[in-house]
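Okay everyone, have a look at this one with me. I'll talk through some charged pairs, then the greasy inside.

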Amino acid sequence: MCEHDRRFDSCQARQIGAAVSTVTAAEFTWPLGDDAVLIPRTAAIAEAHFALVQANYQRLAQWFGDAYQEPPVLEETRANLVEAGQGWLNGSLLPLSIAVKADNGWRLVGWAQLEINRQARSAEIGYWLDTDFVGRGLISRTVTAVLDHAFGPLALLRVGLCTTIDNTRSRNVAERMGFTQEGVLREAAAFPTEHRDLVIYGLLAREWRSTTRADATPRR
Ligand SMILES: CC(C)(COP(=O)(O)OP(=O)(O)OC[C@H]1O[C@@H](n2cnc3c(N)ncnc32)[C@H](O)[C@@H]1OP(=O)(O)O)[C@@H](O)C(=O)NCCC(=O)NCCS
């Protein structure tokens, strides 16, 4: 774990050899306890999000066959965030960054989103973390907050989650949150040099409501 510098994320700056920072200000935050928040992932945080992707894309490429296969380009990142912001406005996407407190703002440490089909009242959840922040329960907290919103104010009936069959950490998240494994799509995940099996999970509103908070709320 690298020490956190006041101005820059020194760990990531060292990795990419440039003075980019994952620390940003935020107009709006959605608390995840005392030490972490969710922030709308829009063009307002383009530079910090770009820095986070730049530091993580090579690792993410092994889990997302359709993304992160090339180094990010700032203007493309910004354009994607503009699109994400539009999705937020039109109700088709809940685009989020996960952040922890920094001396001069919020340090972005992860990504989460809910792709929403209003007509079907269903959605698909996705997430990833900066490598230094894996294993602290941040995704479980994020998914708990997003599911509360999905099955609460958004009144969705179903949230799906899919992951490659060998992604043990992601499958652990799904199972910890009470998702049911619904099937395996053989060789459905296309990567540049191979196809891997995809596991489909689903969680229904009534199942989330019946989940005891002791099970759903991560340890502190
Ligand atoms: C998938 C991924 C997001 C999971 O991250 P994670 O940190 O394991 O998930 P959580 O935030 O829920 O943390 C759970 C881990 O933190 C530990 N933990 C520590 N403190 C905790 C706390 N307060 N609450 C809950 N868990 C805690 C748990 O024991 C667990 O560790 P273990 O699996 O070694 O037992 C991460 O591995 C990742 O970014 N992978 C690459 C991208 C990816 O695969 N995305 C998903 C594609 S579908």
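Glutamate 75 and arginine 78 form a salt bridge, with their closest N and O atoms 3.3 Å apart. By salt bridge I mean a side-chain nitrogen of Lys or Arg within 4 Å of a carboxyl oxygen of Asp or Glu. These two sit 3 residues apart in helix H3 (residues 74-90), so about one helical turn separates them. Helices here are DSSP runs of H or I, at least four residues, and strands are runs of E, at least two, numbered from the N terminus. Glu47 joins Glu75 and Arg78 in a network of salt bridges.

Quick word on the source: this is a predicted model, where local features need pLDDT of at least 70, side-chain atom pairs count only at pLDDT 80 or more, and totals for chains, interfaces and linings use all residues. Residues are numbered from 1 along each chain as its sequence is written, and side-chain values use heavy atoms, leaving out hydrogens and water.

Now, which residue forms a salt bridge with aspartate 35? That's arginine 141, with the closest N and O atoms 2.5 Å apart. Aspartate 35 is in the loop between strands S2 (30-31) and S3 (36-40) and arginine 141 is in helix H4, so the pair ties together parts 106 residues apart in sequence. Arginine 141 counts as buried, at 13% relative accessibility; buried means under 20% relative accessible area, exposed over 50%, partly exposed in between (1.4 Å probe, protein chains only). Aspartate 35, at 41%, is partly exposed.

And the greasy part? Ile98, Leu114, Leu147 and Phe179 touch the most other members of the largest nonpolar core, which has 37 residues. A core like that is a set of buried Ala, Val, Leu, Ile, Met, Phe, Trp, Tyr and Cys residues joined through side-chain atoms within 4.5 Å.
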